[in-house]
Amino acid sequence: MTDFKRDGSHLAYCPPVEKWDDWMELDAEAWPKRVEKHYDLVPTICFNCESACGLLAYVDKETGKVAKFEGNPMHPASRGRLCAKGPATINQIHDPDRVLYPMKRSGARGAGKWARTSWAEVLETFGTRIRKAIQEERGEEVMYHVGRPGHDFIMERMLQAWGIDGHNSHTNVCSSSARLGYLLWHHADRPSPDHANARFILLLSAHLESGHYFNPHAQRIIDGKMAGAKLAVMDPRLSNTASMADYWMPTYPGTEAAVLLAMAKVILDENRFDAAFVRNWTNWEELEVDGFKAKGQTFEALIEALKKHYARFTPQFAEKESGVKAEVIVKTAREIATAGSRFASHLWRGSASGNLGGWQPARALMLLHVLTGSVGTEGGHNLNAWNKFVPKPFKVPPPQKRWNELLYPPEWPLCTHEMSFLLPHFLKEGRGRIEAYFTRVFNPVWTYPDGFSWIEMLRDEEKVGLHAALTPTWSETAWFADYVLPMGFSSERHDLMSQESYAGKWIGFRQPVNRVLRERAGEKFEYTYQANPGEVWEEDEFWINLSWAIDPDGAMGIRQYFESPYKPGQKLTVDEYYGWIFENSVPGLPETASKEGLTPLQYMRKYGAFEITKDVYKLNERPVAAAELAGSQVGANGVVTKAGKPVGVMVEDEAVVGYNTPSRKLELFSKTLADWKWPEFALPEYYRSHIHRSAQAASMGEHAEDFDPKYTPLVEWPKDARGEVYTLLPIFRLPNLIHTRSGNAKFLYEISHKNPLWVNPVDAKKVGGIRTGDLMKVHTEIGYFVLHAWVTEGLAPGVVACSHHLGRWRVNKDDQVERMSSAWVDLKEVGKGQWKMRQIESVSPYESPDPETKRVWWSDAGVHQDITFPVHPDPVSGMHCWHQMVRVERAGVDDRYGDIFVDTNLSFAVYQRWKALARPAPGPGGLRRPLWIPRVVRPEESAYYFKKP
Ligand code: SF4
């Protein structure tokens, strides 16, 4: 397929748009007879990962049911292609065990007794409780906690309309370390690599098979490779991505920054850097390092200072740390220098999410981009903010006035996102309570570390007053809710999506397929649940109605934001919400739509996506607008300000917009880190992870001169601990599973249903001649889990690995989690905070309205490892550091596959040890966190101060 074209001329094998109203295919099941089947094709957006690829729902004209999902060729990011998870949406919508009606618990929390309730009762109950909390100035006790958002801005707007600081997310167990590393350079917290036009691509981890923006990025990495780009992959695992690479660098986990800085040293020493770019576009004049102050010095002196500072990062040092050969490091560095401005890279989770100091690899990787001048260039590293588009709706509420310390506590002032995984510990410490808690596509009991602490929190009605799980399916967490509220899958709801998928900017529209088709045929619906299966609703309409329930007469000032922009005083509809946005906030859309005689809303309902622009390179070089320049001032550092706010920077005597950083340039020297008590990290650095060999030696009481307890918490093993010490990699994704959301996708579970422990043959020998299939016991700091070994050379020695996604469980024999993907377990609290789980029965065929569940042939659901991990908040980024130092031994005679034990008293103690390493606010001027660093649902400026200045 050639590149995307708005007129559809790139299409080769996909149904052309003019046939979407009546698409004919022969019925495969009727073969060899030629029986025609006719479909309506309706575009929507996949919700099975963050990439937001375009789906086409094939609705059978005869039955009115969705028969399958394929790719939407008119979607500019996915271009008609999908990964396995997109078409598997069909399993999810037809899952016989899904939640179809609002449910309310009828027994004790967690007892598994449920009764059907009505949406009206749900709205009345929550509306009353939330209204009272807000009126009594307890707004912080209302919390919305999201796993997969799947939308842009609508929740921020709603929470600000309610006037509360109540947005919580999953991001601090996902990507916030990488985000901090990028953000400190250029304010944007994510990369948008232009893989398709690159000459050299460096991936930290497995982005080609399972990475962030997986399918849109993977196809462009392949485009780049087909045009001659070389690919290098840093990953201790020989992933499918690494197997496609020209260079596989199996770095010892947590040493990636050492390798990247060694590459930077090669480029500096060989004078192969882009001097003009570094001079013009970094804040080098602020550099203070090793007694060197750049102010008043020459650029040449700066380069010498950098060479001196990074002198210790020889390729030999990096080899010693990482295990990657020095000559490979040198060769790769030279290839990167040769690619110059066409050097692209990606880092999102992997080393960033696994390690203490995981934000440093992003800082170090960006140094390579800065040295090669590959920022904002064709084939280089772009800023997500330049490629992602979030339109503004009508009537945006003012920012909230208060600060919620359950979300942004003082200990981690530089965390990019809420410290969500510490919530049970915060409540245990008495920092607050929650009156109304909404979990949305969010399963922390299973996906978070320390899940038993979550169970202890969720079952405590003093700590959590009322809990609603908004979810399409049952889950381990929903089991402990008071209400389970069914929300739609990707063909059953509205959302706006846009991502940084390529060098362009686009917007996509998720829509409820049945409602859209039936409205086209003339039917009228007040609410989407009237057209969805059962009473499955969509969140947009739920939140609009809940806002009206909180403020029925408009006296609280909330209702006004949920009234029609076209019919004053009337309740807002989804058509009006999105119609207004498409008419007023998406550049070029109204004009394009009108050429086809369509309204902007009709256009988006027809095509499902719209490409806004491809003009996205070097946006930092745009001149400051004349109106902004009038009355502005230029400071000594070249920053152009107007009314005290920065609007640009002088570069080669021209006022250009630059980056949204304090210096308006790329921050080689982070004054923010220096000012906020981390001056030793003001330049990109490397420091050792919590699972580094020195930390392992220290944990065993051995002399480890490299171990520095100022930065690294000491692991304290129980006195009777047995087994060999290893680093466990627990976060690698499988390309066809979706955290816990794929539990009801039979096509996907048929492919992947086991997560064995990867062990290198060298280590298998060391642990006593382990063979594939042997039962292993893996001890963490707070418990253990038991699983099978897989002996493989596809993993560096000294490391063991176990994939994410698998190990679902249910406490009831016949419900709670889909039986095709979970084990029935006996779960007991054997002492205060001491939890034991044993599998009673694993997967087997079963009767259900879906005849295929009788043909389930696999007999394993994997083992739940995350629940045995303590929390590890990085002292700088606040991110949970996922990698675990573990002890591995052969399982004993009493151990059984899937056994789990955890002591939450120990997990609280580990939390305290990590918390002690943080350097809390206040920062300069009594601030809670730097004003320039973004915050989800940003409060007004006065809330940033502990005390008003
Ligand atoms: S990458 Fe796969 S799961 Fe993610 S949005 Fe695209 S098709 Fe869906």
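Helices and strands here are DSSP runs, numbered from the N terminus. The model shown is predicted.

**View 1. Strand E4 and the lining of the second largest pocket.** E4 gives the most to this lining, with four residues. E4 covers residues 66-71. Strand E1 (23-26), strand E2 (36-45), helix H1 (89-93) and helix H27 (746-751) are also among the elements that each supply at least two lining residues.

**View 2. The centre of the second largest pocket.** The pocket has a volume of about 790 Å³. It is lined by 27 residues. Closest to its centre are Glu29, Val66, Ala67, Ile90 and His94. By class, the lining holds 12 nonpolar, four polar and 11 charged residues.

**View 3. The shell around the ligand.** Cysteines in this shell include Cys46, Cys49, Cys53 and Cys83. Asn48, Ser51, Ala52, Leu82, Lys85, Gly86 and Asn215 are also part of the shell. Six of the shell residues are nonpolar, four are polar and one is charged.

**View 4. Helix H3, residues 154-162.** Eight of the nine residues of H3 are buried, so the helix is largely enclosed by the rest of the structure. Buried here means under 20% relative accessible area. The buried residues are Ile154, Met155, Arg157, Met158, Leu159, Gln160, Ala161 and Trp162.

**View 5. The cover over H3 and the residue after it.** Helix H2 (119-135), helix H20 (539-550) and helix H21 (574-584) are among the elements that cover the buried residues of H3. Strand E7 (142-146) and strand E8 (167-169) also belong to this cover. Just after H3, Gly163 takes a positive phi of about 75°.

Definitions and conventions. Residues numbered from 1 in each chain as written. Predicted model: local features only at pLDDT ≥ 70, side-chain atom pairs only at ≥ 80, totals over all residues. Heavy atoms only, no water. Near = heavy atom within 4 Å. Nonpolar A, V, L, I, M, F, W, Y, C, P; charged D, E, K, R; others polar. 1 Å grid on protein atoms, 1.4 Å probe; cavity = no way out; pocket = protein on both sides within 12 Å on 5 of 7 lines; lining within 4 Å. Points joined across faces, edges and corners; volume = space filled by probe spheres on them. Buried < 20%, exposed > 50% of the residue type's maximum accessible area, 1.4 Å probe, protein only. Contact = heavy atoms within 4.5 Å.
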